[in-house]
Amino acid sequence: MTIKIAPSILTADFNHLGREIAAAQAAGVDWLHLDVMDGHFVPNLSFGPLVARAARAATTLPLDVHLMVEQPERLLNAFIAAGADRISVHLEACVHLHRVVQQIKEAGACAGVALNPATPLHLLEEILPELDQVLVMSVNPGFGGQAYIPASTARVQRLAAMVAGRGLTGVEIIVDGGVKAHNAAAIAAAGATVLVAGSAVFDGRHSVADNVAALRAALP
Ligand code: DX5
Ligand code: ZN
């Protein structure tokens, strides 16, 4: 299966966001990753549904929205109305996770759960069969440009074994944070099906096309 590349717009040039998104689509990426931060669940504050709506108008790519927010049930419908195709909520932010996952699916989007680096995989045990994707944070959430946490690769392997062991084909395994050309192959070999890459794609130094090509060339 071809590994998908999902650039995060968090490190894009927001003075020319439409141009950056179009360049990513032209470079052949698969999804567009939108990192939503509320300044409470994570220290940083990023953007709301308005930017999702602008991104929707700028691309035909699936919009993969990562809600790093408290009480995501309050916000997710607005992002889906703005054009989000996929929503990942943080397990750590949901008291009633099963209800939130149902809410995402009832609103017509694909449902995902994101795990911070210290959150045990076994907490997914009951909800896994309901999910379209699992997002493994390979950095502590809140900022782009951080270093990949090496222990994440073994976590991805264990998650992939969990998913396969339950016969849950089709569950996307997203790795998010610190993904670069030098570690992409190992992350893919561990079982990731989607690589989120922010500063590896939007770095303000090289073209988006060159950065995407370098990532793609590093993958099997
Ligand atoms: C961090 C975000 C990541 C991050 C990816 O909280 O969830 O998506 O922006 O950026 P890089 O690839 O630069 O780590
Ligand atoms: Zn993210």
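Mentor: Start with two residues. H33 and D176 are both buried. Keep in mind that this is a predicted model.

Trainee: Where in the chain do H33 and D176 lie?

Mentor: First, the site they share. H33 (NE2), D35 (OD), H66 (ND1) and D176 (OD) coordinate the zinc ion (ligand 2), at 2.0 to 2.3 Å. H33 belongs to strand β2 and D176 to strand β7 (residues 172-176).

Trainee: What spacing do the donors follow along the chain?

Mentor: For the zinc ion (ligand 2), the spacing reads H-x1-D-x30-H-x109-D.

Trainee: Now a helix. Which residues of helix α1 are buried?

Mentor: The general idea comes first. An α-helix has 3.6 residues a turn, so residues three or four places apart point the same way. Helix α1 spans residues 17-26, and its buried residues are L17, E20, I21 and A24. These residues sit on the same side of α1 because they cover an arc of only 95° around the axis.

Trainee: Which residues are exposed on the other side of α1?

Mentor: R19 and A26 are exposed there.

Trainee: What covers the buried residues of α1?

Mentor: The cover includes β1 (4-7), β2 (32-37), α2 (49-58) and α7 (208-218).

How values were computed: Residues numbered from 1 in each chain as written. Chains lettered and ligands numbered in written order. Predicted model: local features only at pLDDT ≥ 70, side-chain atom pairs only at ≥ 80, totals over all residues. Heavy atoms only, no water. Buried < 20%, exposed > 50% of the residue type's maximum accessible area, 1.4 Å probe, protein only. Helix = DSSP H or I, 4+ residues; strand = E, 2+ residues; numbered from the N terminus. Arc of directions from axis to C-beta. Contact = heavy atoms within 4.5 Å. Donors = N, O, S within 2.8 Å, 3.2 Å for Na, K, Ca; no water.
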